[in-house]
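Work through the exercises below with the sequence and the model side by side. Try each task before reading its solution.

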Amino acid sequence: MADVKYKRIVFKLSGESLAGEQRFGINPEVVESIARQIKKVREFGIEVAVVVGGGNIWRGLSGSNKGMDRATADYMGMLATVMNALALQDALESMGIDSRVQSAIEMRQVAEPYIRRKAIRHLEKGRVVIFGAGTGNPYFSTDTTAALRAAEIEAEVILMGKKNTDGVYDSDPNKNPQAKKFDSLEYMEVLNRGLAVMDSTATSLCMDNKIPLVVFNIDNHENIVKAALGENIGTTVGG
Ligand code: UDP
């Protein structure tokens, strides 16, 4: 087996990245392509936990901005992540990759409940664990979920695939042609400069627990394998 940098990773997959061109809902071809890359990562013996977002279906904030109760809108967002989790599991299993979905909101017919020790056991057995329903609490994000689960399962890194960008810049590269990309930076700089990497709750959690984050471009799915192998792509935060 090749010498690998990480033994256990958390891969944060935004809902948006499952939507493909239509930018809404789930595109099965895109999910399959991402699953294929996860399979390759597994073939290197790296333990993979995935935290899935739900923004391709529903975001709590957009509901509450239109007058919905925030907590209700957030629970809808959490349910959306479970749909994405099931789609990813289906694609993985069709490729012969064992996987388990663990939901932070109990729904026994659909997924296992989130049990930390069980999740670790699955990973040790080589199963991909997909965490659905975020943290199970409104007012949080799936970025915070990635930080929380990474701390809980003692993952060495969070890999965060982003669309339309290849890392963290000092200003918006779409608006400022002079924007400078960081190869690496510290969490404190992210907070102090107000850089749009993750929300501040997720950033603080990663910082306090010393979990490095790699932000990379997921428009090319092969970057998933490169990031998992520790290749120098994107931006490393707190590394
Ligand atoms: N959400 C939540 N608590 C959590 C995680 C997620 O309430 O712990 C809700 C929130 O409404 C969020 C939605 O689920 O907008 C979808 O998650 P997110 O926006 O993080 O998904 P992504 O942007 O990664 O697709």
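A nonpolar core is a set of buried Ala, Val, Leu, Ile, Met, Phe, Trp, Tyr and Cys residues joined through C-beta atoms within 7 Å. A residue is buried if 20 or more other C-beta atoms lie within 10 Å of its own, exposed if 12 or fewer, and partly exposed in between, with C-beta atoms placed from the backbone.

The model is predicted: local features need pLDDT of at least 70, side-chain atom pairs count only at pLDDT 80 or more, and totals for chains, interfaces and linings use all residues. Residues are numbered from 1 along each chain as its sequence is written.

**Exercise 1. Describe the fold of the protein chain as a whole.**

Start with the elements. The protein chain has eight helices and 11 strands. These are DSSP runs (helices H or I, at least four residues; strands E, at least two), numbered from the N terminus. Next, take the radius of gyration, calculated over C-alpha atoms. It is 17 Å for the protein chain, close to the 18 Å that the globule rule gives for 239 residues, so the chain is as compact as a globular protein of that length. The rule is 2.2 Å times the number of residues to the power 0.38. Finally, count burial: 46% of the 239 residues are buried.

**Exercise 2. Find the residues with the most contacts inside the largest nonpolar core.**

The largest nonpolar core has 67 residues. Those with the most contacts inside it are I9, A49, V50, L88, I158 and L159. Helix 3 supplies the largest share of this core, nine residues. Now look at I9. Beyond its neighbours within four places in sequence, I9 is in contact (C-beta atoms, placed from the backbone, within 7 Å) with I46, V48, A155, E156, V157, L159 and A228.

**Exercise 3. Which residues are closest to the ligand, and which helix gives the most to its shell?**

Helix 2 (60–65), helix 3 (70–94) and helix 5 each supply at least two. Helix 3 gives the most, with five residues. Sort the shell by type: five nonpolar, 14 polar and four charged. Here Ala, Val, Leu, Ile, Met, Phe, Trp, Tyr, Cys and Pro count as nonpolar, Asp, Glu, Lys and Arg as charged, and the others, Gly among them, as polar.

**Exercise 4. Is R149 buried or exposed?**

Locate R149 in helix 5 (residues 142–153). Count its surroundings. R149 is buried, because 26 other C-beta atoms lie within 10 Å. Leaving aside neighbours within four places in sequence, R149 is in contact with V10, A49, V51 and F131.

Technical notes:
Two residues are in contact if their C-beta atoms, placed from the backbone, lie within 7 Å.
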